[in-house]
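Take a moment to look over the chain before reading on. Then we'll go through it together.

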Amino acid sequence: LHRRRHSFPTRRSSDLTSAINHRYAGVLWGLLGILTFSFTLPFTRIAVASINPLFMTTGRATVAAILAISVIAIVRPRKPTKAQVIRLLIVAAGVVVGFPLFTSIALQSVPSAHGTVVIALLPAVTALFVVIRTGERPSKLFWFASIAGALAVLAFLVLGNGFSGLSWPDFFLVFAVISAAIGYTEGGLLSRELGSWQTICWALIIALPVMGSISVFDLVSFPISTDPIAWLCFSYTAVFSMFLGFFAWYRGLAIGPMTSVSQVQLSQPVFTLIWSALILGEALTPDILIGGAVIIALAFTAVRARVSTVSRESKK
C-alpha cells in the first residue's frame with residue numbers, strides 16, 4: 001500500500017512534465033524556424049537590387065528543390081497519397097511561390113524594415129486560418145495577446161520608421177502574408193502526417209517543373225547579375241529560407257498547438273530589424289529595443305495561453 005500510494009503521484013508528475021516539455025518543444029522548434037526566416041527580408045532586399053525578383057522566387061525554389069530531391073533519394077520516405085499531393089500544391093502555392101514572389105516584388109521599392117510592418121500581421125492571420133482549418137479554439141487571453149502583439153509591432157514600427165499610408169508594395173506584402181499563412185497552416189497539418197522535412201521537400205519537388213522552367217527562361221532572357229554579395233544573399237534564401245528553415249518551422253507546427261506556435265512569429269519583426277541594423281546599417285534605437293521586449297512578452301503570453309481542441313462530433 002505504501003508503494004502504491006507514492007507511485008501514482010510520481011507517475012502523474014512525470015506525465016505532466018512530459019506534456020510540458022512536449023508543448024514547449026513545438027515553441028522552440030518554431031522559434032528556430034523563425035530565427036532562420038528573420039534574415040529573409042534583409043537578404044532579399046540586398047539581392048533584388050541586382051537580381052530579377054522573378055528569378056529570386058523561381059531560382060531559390062529550384063535550388064531548394066534540387067536539395068529536396070537529394071534528401072528524398074537518400075532517405076526514401078513514403079510517397080504522399082493523391083489527396084496529400086493536392087494539399088502539397090496548396091503549400092507550394094503559399095510558401096514556395098506566393099510569399100517569395102510578393103515579397104521580392106515589394107522589396108524592390110521599400111526597405112526591409114518597412115516590409116516588417118505588414119509582415120507583422122502574419123501571426124494573427126496564421127492563427128485565424130488555423131482556427132478555420134482545424135478544431136483548435138484559443139482562449140480569450142490568447143486572442144488578446146495576439147492582437148495586442150500585432151498592434152504593438154505595427155505601432156513601434158510605424159512610429160520608428162515614419163510609415164505613412166499604404167502604397168502598392170504594401171498590397172503585395174499583404175498578399176505575401178495571406179499566402180504564407182495558408183501555406184503554414186496546411187504545411188503544419190501535413191507535417192503531422194508526412195513529417196516536417198518531408199512536407200517541404202515534397203512541396204518543392206511538386207513545384208519544380210514550373211519553377212525550374214521559369215528559372216531557365218529567366219536566365220536566358222535577362223542579364224545575369226555579377227554582384228557576389230547579391231548571389232550570397234540569394235543562396236541564403238534558397239538553402240535556409242526556402243529549405244532548412246521549414247524543417248524546424250513545420251516541426252514546431254506539427255507538435256503544436258498550432259495557434260500557440262504561430263505566435264512565435266511575433267518575434268520575427270524584432271529579429272529582422274536587428275539584422276537590418278547590423279547588415280544594412282539601419283539605426284537600432286531604444287524604442288525598437290523597448291518595443292521588441294514588449295512584443296516578445298506578448299508572444300510569450302500567447303504561447304502560454306490555453307488552447308482547446310473541439311472535436312468534430314461537438315461541432316455537429
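Here is a short tour of the model's confidence and its salt bridges.

## Ground rules

This is a predicted model, in which local features need pLDDT of at least 70 and side-chain atom pairs count only at pLDDT 80 or more, while totals for chains, interfaces and linings use all residues. Residues are numbered from 1 along each chain as its sequence is written, and side-chain values use heavy atoms, with hydrogens and water left out.

Let's start with pLDDT, the predictor's confidence in each residue, from 0 to 100. Its mean over the chain is 80, and 78% of the residues reach 70 or more. In case you're wondering about the labels, helices (H or I, at least four residues) and strands (E, at least two) are DSSP runs, numbered from the N terminus.

Residues 1-11 have pLDDT below 50, and beyond near neighbours in sequence they make zero contacts in the model (a contact means heavy atoms within 4.5 Å). Residues 310-316 are also below 50, but that stretch has six contacts beyond near neighbours in sequence.

## Three salt bridges

How many salt bridges does a search of the whole structure find? It turns up three, where a salt bridge is a side-chain nitrogen of Lys or Arg within 4 Å of a carboxyl oxygen of Asp or Glu.

One pairs Glu186 with Arg87, at 2.7 Å from N to O. Glu186 sits in helix H8 (residues 168-194) and Arg87 in helix H4 (residues 82-106), 99 residues apart. Arg87 also bridges to Glu193, with the closest N and O atoms 3.0 Å apart. Since Arg87 is in helix H4 and Glu193 in helix H8, this pair ties together parts 106 residues apart in sequence. Then there's Arg133 with Glu186, whose closest N and O atoms are 2.9 Å apart. Arg133 belongs to helix H6 (residues 122-133) and Glu186 to helix H8, so this pair joins parts 53 residues apart in sequence.

## Buried or partly exposed?

How hidden are they? Buried means under 20% relative accessible area, exposed over 50%, and partly exposed in between (1.4 Å probe, protein chains only).

Glu186 is buried at 7% relative accessibility, and Arg87 is buried too, at 17%. Glu193 is partly exposed, with 36%, and Arg133 is partly exposed, with 41%.
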